[in-house]
Amino acid sequence: KHNIEVFGRSLNIIPPDGALFINGLFFDADTMDLGAIVETMRSEVHVLESLHKNNIRGPLAAALLALDLSGASNKEFAIDIRDTAVMWINDIETDPQYRRWPSSVMDLLRPAFPGMLRNIRKNIFNLVLVVDPLNPASRNLIKLAESFIIHQAPVRLGLIFDTRSAEKDTAKDYNSIICAYNYVTQNKEGRSALGFLTDVFAAADATEKVRHTHIRSQFKKTFSNLSGGKIDDILGNDSDYDYGKQLSQEFIERLGFANSPQALLNGVPMQQSILTSDSEFEEAIFSEIIQQTSSLQKAVYKGDLTDTDSIIDYLMNQDHVMPSLNQRILSTDTSKFLDFS
């Protein structure tokens, strides 16, 4: 009876189910394939022979064979998003529209329908978009991100503006969009600033780059009480609201990607190919959320994550979170192994 309880709890094997383990590798007894077992035996023998040739035998070889060396490659590296460069749009823990949600991380263990997201008043899932605010390719991504907030998805959203494409003739455009965004954020809130961005996009044609005239026109509509001279001061080169560009540039350099847009969920970069399709992006975000939910559930169950812990600190203190990403160093796709035997 004790064995049945242990197998059921740790391996989800309950009578009359069975399982086969070869050197700790699990084979489902119902769908077991003899060919796959033979191939596994061959690869295990090859590893044992290689260890034996290097005089690693007996208990030491058994201990090495039991190591799970695939874990590091399965978990993608992430970047620390506790950075002042990130302009957060919403805060699930403090914003009034989320006040009816339960605030305990224990709700992660509550049963839910498959694929259903749990609404918890904690910043558990943090989506950061690195976007070029003038590039037409960024518009759909920002509009889709805005829909997450409108429909109260349990996602905290942050933006980082990529201004690396700024040249002599477009510097004024980049400067005015950043100043306008910062002014709206200070005088209203992050949501209004995001809405201002989408309104500016709507004023320009679908394939047309946003220019200073679009930004100024929309800014005048939003703040009709401001005079033309005051607007020019706010959007000008010597504006008090021209800040954050250097911080964004430093974060993007640490991120290590040559181009934008980029999306980071809890610091993990999403595949860039999904960012061009609305349905793929939404599906990928929710798939990643569901995938990360399982590891967070384990942390709550084991007591590693409690209501007194800062969620963002817990997430960013994990082993796979780096201060910067470098594809040459951290990439697991091009790992090469030399046979020492």
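This is a predicted model: local features need pLDDT of at least 70, side-chain atom pairs count only at pLDDT 80 or more; totals for chains, interfaces and linings use all residues.
Me: Why is N126 called buried?
Reply: The residue N126 has a relative accessibility of 0%. Buried means under 20%, so N126 counts as buried. N126 is found in strand β5, which covers residues 126–131.

Me: What makes the approach of the N126 side chain to the backbone oxygen of N123 a polar contact?
Reply: The side chain of N126 reaches that oxygen at 3.2 Å.

Me: In what sense do β5 and β7 pair, and over how many bridges?
Reply: Strands β5 and β7 (residues 262–265) pair in the antiparallel sense over 4 bridges. Two strands pair if at least two bridges are found between them, so the 4 bridges of β5 and β7 meet the requirement. Within this pairing, V130 stands opposite Q262 in β7.

Me: What makes β4 and β8 edge strands?
Reply: The open sheet has 5 strands in the order β4-β6-β5-β7-β8, with mixed pairing. Strands β4 (87–88) and β8 (268–269) each pair on one side only, and they are the edge strands. Helix α11 (residues 278–302) lies across β5, β7 and β8, at about 25° to β7.

Me: Which elements do the buried residues of α11 pack against?
Reply: They pack against β5, α5, β7, β8 and α12 (311–316). The buried residues of α11 include F281, A284, I285 and E288.

Me: Why is S138 called buried, and where does S138 lie?
Reply: S138 has a relative accessibility of 1%. Buried means under 20%, so S138 counts as buried. S138 lies in the loop between β5 and α5 (139–150). Leaving aside neighbours within four places in sequence, S138 is in contact with V131 and D132.

Me: Why is the aromatic pair of Y183 and Y241 called edge-to-face?
Reply: A search of the whole structure finds 9 aromatic pairs. In the pair of Y183 and Y241, the ring centres are 4.9 Å apart and the planes lie at 80°. Centres must lie within 6.5 Å, and planes over 60 degrees apart count as edge-to-face, so this pair is edge-to-face. Y183 lies in helix α6 (residues 171–187) and Y241 in the loop between α9 (228–235) and α10 (245–255), so the pair ties together parts that are 58 residues apart in sequence.

Me: How do you know whether Y241 is buried or exposed?
Reply: The relative accessibility of Y241 is 19%. The limit for buried is under 20%, so Y241 counts as buried. Y183, at 8%, counts as buried too.

Me: What makes the aromatic pair of F219 and F223 tilted?
Reply: The centres of F219 and F223 are 5.0 Å apart, with 40° between the planes. Planes under 30 degrees apart count as stacked, over 60 as edge-to-face and the rest as tilted, so the pair at 40° is tilted. F219 is buried, with a relative accessible area of 0%, and F223 counts as buried at 7%. Ring pairs link Y183, F196, F219, F223 and Y241 into a cluster.

Technical notes: Residues are numbered from 1 along each chain as its sequence is written. Side-chain values use heavy atoms; hydrogens and water are left out. Helices (H or I, at least four residues) and strands (E, at least two) are DSSP runs, numbered from the N terminus. Buried means under 20% relative accessible area, exposed over 50%, partly exposed in between (1.4 Å probe, protein chains only). A polar contact is a pair of N or O atoms within 3.5 Å; within protein, one must be able to donate a hydrogen and the other to accept it, and residues adjacent in sequence count only if both atoms are side-chain atoms. Contact means heavy atoms within 4.5 Å. Axes are lines fitted to C-alpha atoms, for helices over the stretch in contact, and angles run from 0 to 180 degrees between N-to-C directions. Rings of Phe, Tyr and Trp (its six-membered ring) pair if their centres lie within 6.5 Å; planes under 30 degrees apart count as stacked, over 60 as edge-to-face and the rest as tilted.
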